[in-house]
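I opened my notebook and loaded the entry. These are my notes, in the order I looked things up.

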Amino acid sequence: MSKTSSRRAAFDILGEQVAPGTRAMLQMDIGKLYTNTPLSIGVEVIHGKHDGPVLLVTAAIHGDELNGIEVCRRLAKLPALDRLHGTLVLVPIVNAFGFIQQIRYLPDRRDLNRCFPGSEKGSLGSRIAYLIRKELLEKCTHVVDLHTGAIHRSNLPQIRANLEDDANVAMAQAFGAPVVMHSNVLDGSFREAADKLGKPFILYEAGQALRFDEPSINGGVKGVLGVMDHLGMLKSRRRSKKSIEPIVASSSQWVRAAHDGMMVAKTELGERVKKDDLLALIVDPYGEMELEVRTPVNGIVIGRNNIPVVNEGEALFHVAKFDTVREAAKTVEQFHEHMEDLNDPDLRHTDPWGERYDS
Ligand SMILES: [Zn+2]
């Protein structure tokens, strides 16, 4: 007996019609290199058979932030997507210009994440931002944007979002990164454009630019899956028992270099620190100076500088404060244990070595 309920409509994106229960690898033209080579952004669309939200997952809006690209690649391989409720739109390399050059910015040194909402006739960044907003952002209902720390800086996996919005809070909780931070929306950011359109948006920061970091990548894969579970997009999936209750930071503070010199770090990312604990020494190459860098607050180190040569004023350690530091420290520890457990059903399917060893 045939069902009377109507079939889900095709997904209309980038001039294509993606039929329900199918996936398509599309290209969004963003211009040409000055070699006259056309340049496009790859957009993978997985349009489920069943109705549901449209989740947009973007990475490398800063062209040298690579972890998110690998998160998208592993997500696309998940068998659970065959029974998807809703639509998943993966854009692994938003800033293709920066990615090619292994830099954060666009060729004109603009930050694409400050070019929104963009315009059709503006600068290169403004034109790309305009296309992303019209062709991708306006077609989706929720956004997860994947980032890493800047060059020579690593971030402990963390979610940043406007926590005054309940939908963002729920997504941040569901993502399951150990730390969640409120952050105000920056002028010209992708997040601001989403905010203005009323689309819930969370930003994942993990690892550092130009490096792959397995715990950060695994955290990203598990995080997006958690958000999809929360949005009802993966109803029949066997859920991982290993989920993290993220701890919300009350505030955070950068500890800066009081002197130029070379930094000898004493503290690792994710470490719990007590007020006045020694974080590093700043020394000169000739052994005449040894200056202690101490934390002015209790908290967890959620970001750090990795290059030993530092100038006065340079940000060295990012310390997040919590109402319950002990809880936060436990959560960070738990997160790292989970991310190394490749028997976790969330990670087993996406482990790049898994298939090889299983066969
Ligand atoms: Zn970034």
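How many residues of domain 1 are in contact with residues of domain 2? I counted ten residues of domain 1, and they touch ten residues of domain 2. I am working with a predicted model.

**Entry 1: the two domains**

I checked the bounds next. The domain assignment puts domain 1 at 11-247 and domain 2 at 251-321. I looked up the distance between their C-alpha centres, and it is 31 Å.

Then I asked which elements of domain 1 give two or more residues to the side that touches domain 2. I found strand E8 (153-161) and strand E9 (179-182). E8 supplies the largest share of that side, with five residues. I also sorted that side of domain 1 by class. I got three nonpolar residues, six polar ones and one charged one.

**Entry 2: the core**

I turned to the largest nonpolar core. I noted 94 residues in it. Which residues have the most contacts inside it? My list reads Leu-55, Val-57, Val-89, Val-179 and Ile-202. Helix H6, residues 214-230, gives the most to this core, and its share is six residues. I also checked the core against the domain bounds. Domain 1 and domain 2 each put at least three residues into it.

I picked Leu-55 from that list and looked up its contacts. I left aside its neighbours within four places in sequence. Leu-55 is then in contact with Gly-86, Leu-88, Cys-140, His-142, Val-144, Met-228, Leu-231 and Met-233.

**Entry 3: strand E7**

Two of those contacts, His-142 and Val-144, took me to strand E7, which covers residues 142-147. Is E7 mostly covered or mostly open? I found it mostly covered, with six of its six residues buried.

I then sorted the residues by direction. His-142, Val-144 and Leu-146 point one way from E7. Val-143, Asp-145 and His-147 point the other way. Both sets are buried. I wrote down the general rule beside this: in a regular strand the side chains alternate between the two faces of the sheet.

**Entry 4: the partners of E7**

Which strands pair with E7? I found strand E5, residues 50-59, running parallel to E7 over five bridges. In this pair, Ala-59 has Leu-146 of E7 as its bridge partner. I also found strand E10, residues 201-207, joined to E7 by five bridges, again in parallel. Here Val-144 has Ile-202 of E10 as its bridge partner. I had already listed Ile-202 among the residues with the most contacts inside the core.

How values were computed: Residues numbered from 1 in each chain as written. Predicted model: local features only at pLDDT ≥ 70, side-chain atom pairs only at ≥ 80, totals over all residues. Core = buried A, V, L, I, M, F, W, Y, C linked by C-beta atoms within 7 Å. Buried ≥ 20, exposed ≤ 12 C-beta atoms within 10 Å, placed from the backbone. Helix = DSSP H or I, 4+ residues; strand = E, 2+ residues; numbered from the N terminus. Domains from an automatic or database assignment. Contact = placed C-beta atoms within 7 Å. Nonpolar A, V, L, I, M, F, W, Y, C, P; charged D, E, K, R; others polar. Pairing = 2+ DSSP bridges.
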